[in-house]
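This briefing accompanies the protein shown below. Please read it alongside the sequence and the coordinates.

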Amino acid sequence: MPFIRTETHLYPPDLLANSHDAPTVPTAPETTANPAARAWWAIYTKARQEKSLARDLLTWQIPFYLPLVTRTHVIGGKRRKSQVPLFGGYLFLWGTPEERGRALTTNRISQTLAVPDQRQLQFDLSQVERLITANAPLTVESRLQPGQRVRVKSGALLGVEGTVAERRTQSRLIVEVRFLQQGVSLEVEDYYLEPI
């Protein structure tokens, strides 16, 4: 089964490090930009431009996170794997206003959205990255339903927080990116969860 080349989805690789326990704003990578001027921006791209924008940002060494998951497609009777954006149309930029302006020059961006709660977005994105890294079977959830907040208490996903939602007699843990009002979900047995 052919696999389309692996894309860089996180630059620098430690951008989301040290945010598993509590929300913290990351330190700036090795660039000339003033760390105090950096902020998270949710970038809404034009159709199918997420990975192209990520390549441009990587070339310019502008920090970003593009959550990608592997999907299998059947094309012409052949199974092919590819990496697709988890949140269609969205890329998250960690940069200065000047770096944001440079990204806008690519003509790949439809809209940039200011993030009011920087720490919470950082925490949410780090949890999504942990789920992707653990190869958890994710389902994108839009317009999340309110429910009990829980934390995974054992296993590979230890410490991941989310909301429990009941769906057709199956318990699902929803890990949300509150800013987008979207999230991802996976089935988790109740004994792995503890109330927060």
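Among contacts in the protein between residues at least 6 apart in sequence, what percentage join residues at least 24 apart? The share is 72%. The model is a predicted one, and the protein has 3 helices and 13 strands. The points below treat the overall composition, the open sheet and its helices, a hairpin, and the salt bridges.

**Overall composition**

- Of the 196 residues in the protein, 45% are buried.
- The protein exposes about 10,600 Å², and 49% of this area is supplied by carbon and sulfur atoms.

**The open sheet**

- An open sheet is formed by 5 strands, in the order β1-β3-β6-β2-β7, with antiparallel pairing.
- Strands β1 and β7 (109–114) are the edge strands, each of which pairs on one side only.
- Tyr11 stands opposite Phe64 of β3.
- Helix α2 packs on the sheet, where α2 touches β2, β6 (90–95) and β7. The direction of α2 makes about 140 degrees with that of β6.
- Helix α3 also packs on the sheet, in contact with β2, β3 and β6. The direction of α3 makes about 65 degrees with that of β2.

- Helix α3 has 16 residues and spans 23 Å from its first C-alpha to its last, close to the 22 Å expected at 1.5 Å a residue.
- This helix is mostly covered, with 13 of its 16 residues buried.
- Just after α3, Asn135 adopts a positive phi of about 55 degrees.
- Ile132 lies in helix α3 (residues 118–133). Ile132 counts as buried because its relative accessibility is 15%, and buried means under 20%.
- Leaving aside residues up to four places away in sequence, Ile132 touches Tyr65, Pro67, Leu68, Val69, Leu86 and Leu138.

- Strand β4 (residues 68–75) and strand β5 (residues 78–85) run antiparallel and are joined by 8 bridges.
- Leu68, one of the residues that Ile132 touches, has Pro85 as its bridge partner in β5.
- The hairpin has 2 residues between its strands, and Gly76 takes a positive phi near 60 degrees there.

**Salt bridges**

- The count of salt bridges comes to 8.
- Glu99 and Arg38 meet through their side chains in a salt bridge, at 2.8 Å from N to O. This pair links distant parts of the chain, 61 residues apart: Glu99 belongs to helix α2 (residues 97–104), and Arg38 to the loop between β1 (10–11) and β2 (39–45). Both Glu99 and Arg38 are buried.
- Arg178 and Asp124 likewise form a side-chain salt bridge, with an N to O distance of 2.7 Å. Their positions are 54 residues apart, with Arg178 in the loop between β11 (170–177) and β12 (182–187) and Asp124 in helix α3.
- Which of these two partners is buried, and which is partly exposed? Arg178 is partly exposed, because its relative accessible area is 32%. Asp124 is buried, because its relative accessible area is 1%.
- Glu161 forms a salt bridge with Arg149, and the closest N and O atoms are 3.6 Å apart. Here the partners are 12 residues apart, Glu161 being in strand β10 (residues 161–167) and Arg149 in strand β9 (residues 149–152).
- Glu161 has a relative accessible area of 15% and is therefore buried. Arg149 has a relative accessible area of 25% and is therefore partly exposed.
- Salt bridges that share partners join Asp124, Arg149, Arg151, Glu161, Glu176 and Arg178 into one network.

Key
Residues are numbered from 1 along each chain as its sequence is written. This is a predicted model: local features need pLDDT of at least 70, side-chain atom pairs count only at pLDDT 80 or more; totals for chains, interfaces and linings use all residues. Side-chain values use heavy atoms; hydrogens and water are left out. Helices (H or I, at least four residues) and strands (E, at least two) are DSSP runs, numbered from the N terminus. Buried means under 20% relative accessible area, exposed over 50%, partly exposed in between (1.4 Å probe, protein chains only). Contact means heavy atoms within 4.5 Å. Accessible areas come from the Shrake-Rupley method with a 1.4 Å probe; for residues, only the protein chains shown count as cover. Two strands pair if DSSP finds at least two bridges between them. A salt bridge is a side-chain nitrogen of Lys or Arg within 4 Å of a carboxyl oxygen of Asp or Glu. Axes are lines fitted to C-alpha atoms, for helices over the stretch in contact, and angles run from 0 to 180 degrees between N-to-C directions. The expected span of a helix is 1.5 Å times one less than its number of residues.
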